[in-house]
Amino acid sequence: MATARPRPPVALSVPTGAESGLELQAVISQLEKAGRAGDRELIESVYEFSADKHSDQRRRSGEPYLTHPLYVAWTLAAWGFDQTCVLVGLLHDVLEDTLTTREVLEKEFGRELASLVDGVTKIGQHAYVRRDEAQAETFRKLILASVRDVRVILVKLADRLHNMMTLEHMRPEAQRRIARETLEIYAPIAHRLGMAQVQADLEDLSFYYLRPGPYAELHAKVQEKLKGAKSGIQKVRERLKVELAENGLEAAISFRVKRLYSIYQKLRRQGVDVAQLYDYLAFRVVTKDLRDCYAVLGVIHQAWQPVPGRFKDYIAMPKGNLYQSLHTTLLAPGGQPFEVQIRTHEMDSIAERGIAAHWRYKEGDQDQAEESGKIAWLRQVLDWQKEVDDPRTFLTALKLDLYPDEVYTLTPKGDVLAFPRGAMPLDFAYRIHTELGHHCSGARVNGKLVPLRTEIQTGDRIEIMTNPNRYPSGDWLGLVKTSRAKSKIRHWLNTEQKKRAGEIGRRLLERAVRKHKVSPKKAFEGERMATYLEKEGIANLEDLFSRVGFGRVSPTQVVPRLLSGEELSTTEEKPSRLMTAVSKMLPFGSASIAVRGDGDMLAYLAKCCKPLPGEEIIGYITRGKGVSVHSAECPNVRNLMYDPGREIEVSWARTGDEVYSIQLEIETEDEPGMLARLTETMTKLGSNIKQINASTLQPGRGLIDVVVEVRNRKHFERLSLAIQDLPGVFEVSRRMGS
């Protein structure tokens with residue numbers, strides 16, 4: 001039977017006595033407790049303004065909407081931020097969810113407060129704007145506003161934390177969408193700000209909604225494992241106290257259990273079960289000063305045998321979010337490994353609270369971000385985003401850039417540079433200089449020639465070799481890991497592709513014009529061309545050539561607009577009928593796709609993701625094959641869209657009686673009757689099973705691969721939820737991308 005899953009604990013819970021709802025006094029008391037007591041009259045004025053604007057609104061839970069901004073404000077006060085930050089928390093939804101304008105807010109409370117609230121506000125979703133475009137533009141706005149004032153991102157984190165804590169009131173599909181966004185963007189942002197508690201809360205809450213089966217199973221197993229380890233934990237703790245006392249070292253000793261999502265990631269990465277997981281808990285030794293940290297390390301290495309290769313000095317080489325600590329893994333007498341983290345009180349505060357521990361903001365002091373340097377990565381994002389016009393390309397690069405820097409390398413001059421794990425020499429080259437990356441032909445790592453596909457490791461000394469005749473290729477996008485490298489490669493490829501497409505487009509138009517016995521020069525420089533460009537909103541002739549070369553516009557569409565009736569030949573080809581006839585023979589269901597502004601273009605569903613009607617889709621113009629239509633969530637889209645100029649708007653034209661094959665991977669308990677329950681559920685929901693295969697992953701656990709037919713996205717979601725609710729089912733996922 002499926003295991004019940006208790007909700008994840010959150011570091012900041014509702015204050016005692018406020019279970020039935022927060023009140024403003026709790027926020028004021030928290031500000032005073034943090035030493036941030038300010039203008040009570042102003043706080044009450046902002047509260048009354050927010051209460052008035054949200055007076056007729058309620059949350060999905062039925063509670064008054066005001067409970068949400070109150071909790072956000074209380075959270076910001078509990079994190080130790082200033083009064084202005086807390087006031088933004090009270091007002092953060094008034095521009096988005098009420099008729100209040102920025103001008104009204106500025107008149108009431110001043111420009112600074114209005115600007116911060118505007119920075120937190122989402123980009124409006126209009127009928128003509130796709131959800132992914134609005135989401136991407138919102139995050140671009142959020143990052144840019146946060147570079148100017150980091151309080152914008154802090155309010156957004158508090159907002160998202162409370163939304164995740166109350167997510168049970170949303171529809172299942174909305175729960176998964178919001179949880180996925182939280183896991184991909186907000187949790188990594190918390191990490192980059194060093195806010196480990198917030199990161200862990202967001203990750204566990206996302207895990208709870210995205211993978212309910214594995215969450216419940218893992219929670220039960222970890223609790224069971226802890227019960228059997230209590231005596232061993234106590235013995236290690238007591239011995240630690242004795243060893244440190246005998247050596248005259250004062251320190252606070254505690255231990256913590258890894259959060260569930262962190263354990264889940266490690267298990268999947270290593271391909272092991274909880275039974276084989278040993279370092280799920282760690283002892284923390286907090287000392288008075290830096291010197292004592294290394295002294296403690298020497299003592300515990302004498303008392304227990306250290307595990308080779310498992311020592312990390314993050315004090316000498318801090319992480320990108322300024323996390324500092326010594327990490328070492330030791331062996332207990334019975335062979336049980338355990339981790340010890342050693343740090344000072346200041347380092348411990350920074351490790352848990354991140355930027356909150358560094359907060360130096362004083363009213364009127366606008367250089368706080370410069371003083372601490374804790375958000376340097378935001379400025380790096382600001383630098384490379386200037387080269388990215390497409391908001392979705394920006395969002396994709398942002399997701400890549402948010403993950404932690406874990407590899408530290410050396411330049412030939414001895415400078416230390418940090419990269420995400422899995423980075424290649426190309427990432428290193430682009431980090432040094434754009435031209436070095438563009439002309440990179442090879443690399444020496446520690447004096448040895450290595451392929452460009454080599455993953456760089458901590459301590460590697462890297463030297464880049466160049467060739468003036470070497471240039472980036474599309475394959476490089478699959479090699480590099482950093483957003484800077486991807487952005488530079490995309491920009492170069494985009495420029496080259498446009499140049500090449502322009503040459504092809506010019507030749508195609510010249511050939512089409514000559515068929516009517518007209519000089520290309522006359523056609524291209526005439527008044528008809530100028531009128532055509534202006535009417536179509538095309539900047540210049542070169543832009544038109546590029547569009548024709550990419551296939552966005554066909555020569556047969558352009559030529560009739562450039563020539564007079566006398567010049568047009570009566571033998572002109574009419575490809576639209578031919579294209580229509582060919583499209584009917586395509587096996588990809590292309591009749592269900594409409595290409596905006598160009599009915600002559602063939603469109604087919606990409607085999608890598610097989611999008612379903614109702615899903616957000618993206619069209620990509622291919623050479624000689626028409627428009628390849630992908631799901632917006634297809635992993636391959638990330639690399640295809642290096643050139644936004646080749647994207648074309650597509651939509652679902654009709655669905656009719658078509659069915660679409662999708663592949664599901666279902667992790668289950670390995671027990672009799674499991675397959676029968678699955679097939680019965682699929683049949684009841686009107687899904688035809690085309691292929692099914694069952695195998696055993698490990699003792700007691702099975703994997704079922706099934707190819708099943710569905711009509712659209714909603715049909716798939718109903719099927720997925722019904723399977724997920726079956727006893728014995730841990731996880732249901734759709735295989736997408738190749």
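How many disulfides does the structure hold? The structure holds zero disulfides, a disulfide being a pair of cysteine sulfur atoms within 2.5 Å. C608 is in no disulfide, and the nearest cysteine sulfur, which belongs to C634, is 3.5 Å away. For C609 the closest cysteine sulfur is again found in C634, at 3.8 Å, and this is too far for a bond. C608 counts as buried because its relative accessibility is 15%, and C609 counts as buried because its value is 2%; here buried means under 20% relative accessible area, exposed means over 50%, and partly exposed lies in between, with a 1.4 Å probe and protein chains only.

The model is predicted, and local features need pLDDT of at least 70, side-chain atom pairs count only at pLDDT 80 or more, and totals for chains, interfaces and linings use all residues. Residues are numbered from 1 along each chain as its sequence is written, and side-chain values use heavy atoms, with hydrogens and water left out.

**The chain as a whole**

The chain contains 31 helices and 21 strands, where helices (H or I, at least four residues) and strands (E, at least two) are DSSP runs numbered from the N terminus. Of its 738 residues, 51% count as buried. The accessible surface of the chain comes to about 35,700 Å², and 49% of that surface belongs to carbon and sulfur atoms; such areas come from the Shrake-Rupley method with a 1.4 Å probe, and for residues only the protein chains shown count as cover. Among the contacts in the chain with a separation of 6 or more, 67% are accounted for by residues 24 or more positions apart, contact meaning heavy atoms within 4.5 Å.

**Helices α1 and α2**

Two packed helices are described by the angle between their axes and the distance between the axes. Helix α1 (residues 24-33) packs with helix α2 (residues 40-53) at an angle of about 145 degrees, and their axes are 11 Å apart; the axes are lines fitted to C-alpha atoms, for helices over the stretch in contact, and the angles run from 0 to 180 degrees between N-to-C directions. The contact is made by L24, Q25, I28 and L31 of α1 together with R40, I43, E44 and Y47 of α2. By class, the contact of α1 with α2 has five nonpolar, one polar and two charged residues, with Ala, Val, Leu, Ile, Met, Phe, Trp, Tyr, Cys and Pro counted as nonpolar, Asp, Glu, Lys and Arg as charged, and the others, Gly among them, as polar.

K53 also lies in helix α2. Leaving aside its neighbours within four places in sequence, K53 is in contact with V94, T98 and T100, and at 31% relative accessibility K53 counts as partly exposed.

**Pairs separated along the chain**

| Pair | Separation along the chain | C-alpha to C-alpha distance |
|---|---|---|
| D82 and R36 | 46 residues | 5.9 Å |
| K258 and L281 | 23 residues | 5.7 Å |
| K53 and D93 | 40 residues | 9.6 Å |

D82 is placed in the loop between α3 (67-78) and α4 (83-91), and D82 counts as buried because its relative accessibility is 2%. K258 is found in the loop between β1 (251-257) and α13 (260-270), and K258 is likewise buried, with a relative accessible area of 19%.

Where is N446 found? N446 is in the loop between β9 (440-445) and β10 (448-450), and its phi is near 55 degrees, a positive value in a residue other than glycine. K517, which is not a glycine, has a positive phi of about 60 degrees. K517 is found in the loop between α23 (483-514) and α24 (520-525), and K517 is exposed, with a relative accessible area of 80%.

Q724 is found in helix α31 (residues 713-724) and counts as buried because its relative accessibility is 18%. Leaving aside neighbours within four places in sequence, Q724 is in contact with P212, G213, V729, F730, E731 and V732.
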